[in-house]
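Here is a short briefing for a reader who is new to this structure. Please look through the sequence and the model first, then read the points below.

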Amino acid sequence: MGSFRKRLLVLIIGLGVVTQTVTLAAVLASTRRTVEARAAEQLRSGGSLAEQLMRFRAGQLANGVAVLAADFGFREAVASGDAATIRSAAHNNAQRIGADMVLLLDTHGRVLTSTAPAAAEAAGSLASLLEDVSSVRDQPSFRVFGAHSYQFFLAPVRTPETIAWVAMGFVADEALAQKIRDLVGSQVAIVTHGSDGVRVAATLPSGGRAAAGSPAGAFPAPSDLPHITRLRDTDYLSFARRLDTRGDAVDLILLKPLQDVFAPYRDLRDAMLLIDGIALILAALVGAVLGRSATRPIGELMRAARRIEQGQYETAVNVSGGDEFRRLAATFNAMQSNIAAREADITHHAYHDPLTRGTESRAALVLIELRNLRDINASLGHQVGDEVLREASRRLKHNAAAADTVARLGETQLLVIAPGCSAERSLLYAEQLVAVMRTGFHLAGVALDLRLACGVCLFPAHGRSADELLQRVQVALEDADEARARVAMYRPGQDEQHRRRLTLITDLTSAIDQDRLTLVYQPKVAMATRSVQSLEALVRWTHPQLGPVPPAEFVPLAESTGGSRRLTNWVLAAAVRQMGEWRRMGLELDLAVNLSAPDILDPDLCDAVLALLRQHRVASTSLLLEITESAVMRDPQVAVRNMQLLRIAGVRFSIDDFGTGHSSLSQLSVLPVDELKIDRSFISQATSGAATIVTSTIELGHSMGLKVVAEGVEEPAAWNLLRRLGCDFAQGYLISPPLPAAQVPAFIGTANQLLPASDSTVLQLRALEQLAERSGR
């Protein structure tokens, strides 16, 4: 009997060892997979950050080469072959953005001037980039010149025909790889596949760098999945992504040594080995005391180990037997509870910020949005935009109370949680924070005008949960533009309006993508000849559930959510397509299209407009783009540069709603515009006897050589006044409401019969009345 009990004791201890080993192996295997998956996700995120850096550099190149190609002195020098002036202009523009290479090519791709000696030997490969002229400036190019590869942009030099091409580029060397490494926190290799071999720029240590000089096969092929890569004697977790470029193929590879990847895993493994050793000692004690009842508790422990392996931590381990087994079960329970708590903590920190902490009986949420941060990014670059956000955050933290919590909420929003703040004090506090963030904002020697808006809501008056409070402070933020000092308190009952806005924002995107918008066209009468040869395109949207939505509601929504460029692209495409259809019918008309504020700052606007005009064979002089004073004043330098590029091609510009903005006469005099458009509010005031503004605007426009358009002409008195003052064009419901495209040809034909034959004022008004009746006013 004693021998049997000894064998049973050995069996029990052995089963305990097996159980603990299985549990340890299962937990370690699960933890290793989690650590590796987290590292792989970090590499993917790093790849996205690296691509953003490359796009930022591409944007710098695109702007730099566009400015150089549009420079009058440079174009004159190219046309005359003045080599010294060409080199000087190229050097100055390259130095301004830190470019490493500038090339001047003739129209056959031959190198005329180069700051990169090896580029002169690559004329053939450069010529191939010019074969598809329409896409030369759509995306950056990569090309190997000598020992290095370069990221560059090409732009045509026009006078107005294309006489040459200018290229500006950055070298993709180890300095760039080092910059990306500092940004993403992992080793970086930039592999360019040139026609004469592979060029590698890498940050790997000496062993890895030596491997980087080996064939391209040493690195992983581009894939959405991470790979284990061995370079010399070091294993790396790597992630490779091919950049979207023209020319030579470029792979961006991020690598992290497996030794660093699994460092957290090794610490956990050592701790669990210690726990396992202690647990084995406990198992031996249990086996010695309770040998006869060991089989069932060990079975329960093995099932618990399998549950832990599968990530199921909710079921507690309950075993029968003596105190030792119960203590072992408690150890299992503590272990799985700790693992569950650790994973829950990791998950919580991945999806939450500590924004709702505190036990105060009341609190205020202050949400501040930097409304023009996207414009700053577009005009000055993301680096300046990041500095603006950092400085704004620093000011906010410095001036917030010590007990307050400050956090970033979204791309352009900062949140302050003020415990104990009353309703009366919260608005004043919010106004003080907004003022201190906006006042005296200077970066890189440039004074910046931050446009801030602020929403405020209260706990518990406006909500008790974090989700409810965050939703309602966003609702308050939407009312801030109309509030004093741009600070607004949440008002109960606004949620329905907020839901409408969210519905419109979401559905507008699908309406654009599915072509559910429409254009209507309002005629303009040339008052000197009393003829109609021009119209304005106006966008309309009928929501399937909400019905007609006015442009004054959905256009600002598109601008505030960054979707104005997509809306403008749709309007431009539809308008130019319609111009092409009328032209094929023999109807030559000028058409005005409105641009929003972000559009005129977009460096891709010129290429997009000219591509549409070429596609539909429409003369560029037939298109007139309307912009507001306030849009230009956001960044006059960038706006004027983009306007000049289009003006060179023949596109005309009009200042819309003139007199309602804040531009000065000196600023207006340098804008490349062709006409002024008097705002409808001044026309309605003029018919009531206050005609001074209309008179002075017409005189000002004519003194600057500009045409003047009056919109909102709805009364005969307005028509008579504008005729007497010599206004060039009139537009409004007195002439015609906006018309569907199908009705335009008939209206034009009728108008150009009735109006020119009407010599007297009485006959003109009678003709206008007939036109209005036929257009269904």
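Arg 617 is exposed, with a relative accessible area of 67%. This is a predicted model. The loop between α19 (605-615) and β23 (623-628) is the place of Arg 617. Phi of Arg 617 is positive, near 55°, and the residue is not a glycine. Most residues other than glycine have a negative phi, and most peptide bonds are trans.

- Asp 515 is another residue that is not a glycine, and its phi is positive, about 60°.
- The loop between α15 (495-513) and β19 (517-526) holds Asp 515.
- Asp 515 has a relative accessible area of 48%, so it counts as partly exposed.
- A cis peptide bond runs from Phe 459 to Pro 460, with omega near 5°.
- Pro 460 sits in the loop between β17 (452-459) and α14 (466-478).

**The chain as a whole**

- The protein chain has 27 helices and 27 strands.
- It has 777 residues, and 48% of them count as buried.
- Take the contacts between residues at least 6 apart in sequence: 65% of them join residues at least 24 apart.
- One example of residues separated in sequence is Ala 175 and Ala 202, which are 27 residues apart along the chain. Their C-alpha atoms are 8.8 Å apart in space.
- Ala 175 belongs to helix α5 (residues 174-184). With 53% relative accessibility, Ala 175 counts as exposed.

**Helix α2**

- Helix α2 covers residues 72-80, and its buried residues are Phe 74, Arg 75, Ala 77 and Val 78.
- These residues lie on the same side of α2, because they cover an arc of only 160° around the axis.
- Phe 72, Ala 79 and Ser 80 are exposed, on the face of α2 turned away from its buried side.
- At the start of α2, a side-chain oxygen of Asp 71 comes to within 3.1 Å of the backbone nitrogen of Gly 73.
- Gly 81 follows α2 and has a positive phi, near 75°.

**Helix α3**

- Helix α3 spans residues 83-97, which makes 15 residues. From first C-alpha to last it reaches 22 Å, close to the 21 Å expected at 1.5 Å a residue.
- Which residues of α3 are buried? They are Ile 86, Ala 89, Ala 90, Asn 93, Ala 94 and Ile 97.
- The arc they cover around the axis is only 125°, so they are on the same side of α3.
- The face of α3 turned away from the buried side carries Gln 95 and Arg 96, which are exposed.

- Strand β3 (residues 141-145) is mostly covered, with five of its five residues buried.
- Both faces of β3 are covered. Ser 141, Arg 143 and Phe 145 are buried on one side, and Phe 142 and Val 144 are buried on the other.
- β3 pairs with strand β4 (residues 148-158) in the antiparallel sense, over five bridges.
- In that pairing, Phe 142 stands opposite Gln 151 of β4.
- Arg 246 in β10 is the bridge partner of Ser 141.

- Is His 543 buried or exposed? At 3% relative accessibility, His 543 counts as buried.
- His 543 is in strand β20 (residues 531-543).
- The side chains of His 543 and Asp 507 are joined by a polar contact of 2.6 Å.
- A polar atom of the His 543 side chain lies 3.1 Å from the backbone nitrogen of Leu 546.
- Leaving out residues up to four places away in sequence, His 543 touches Thr 503, Leu 504, Asp 507, Pro 548 and Val 549.

**Cysteines**

- A disulfide is a covalent bond between the sulfur atoms of two cysteines.
- With a cut-off of 2.5 Å between cysteine sulfur atoms, the count comes to zero disulfides.
- Cys 454 is buried, at a relative accessible area of 0%.
- Cys 457 is buried, with a relative accessible area of 0%.

Conventions. Residues numbered from 1 in each chain as written. Predicted model: local features only at pLDDT ≥ 70, side-chain atom pairs only at ≥ 80, totals over all residues. Heavy atoms only, no water. Helix = DSSP H or I, 4+ residues; strand = E, 2+ residues; numbered from the N terminus. Expected span 1.5 Å × (residues − 1). Buried < 20%, exposed > 50% of the residue type's maximum accessible area, 1.4 Å probe, protein only. Arc of directions from axis to C-beta. Pairing = 2+ DSSP bridges. Polar contact = N/O pair within 3.5 Å; in protein donor to acceptor, adjacent residues only side chain to side chain. Contact = heavy atoms within 4.5 Å.
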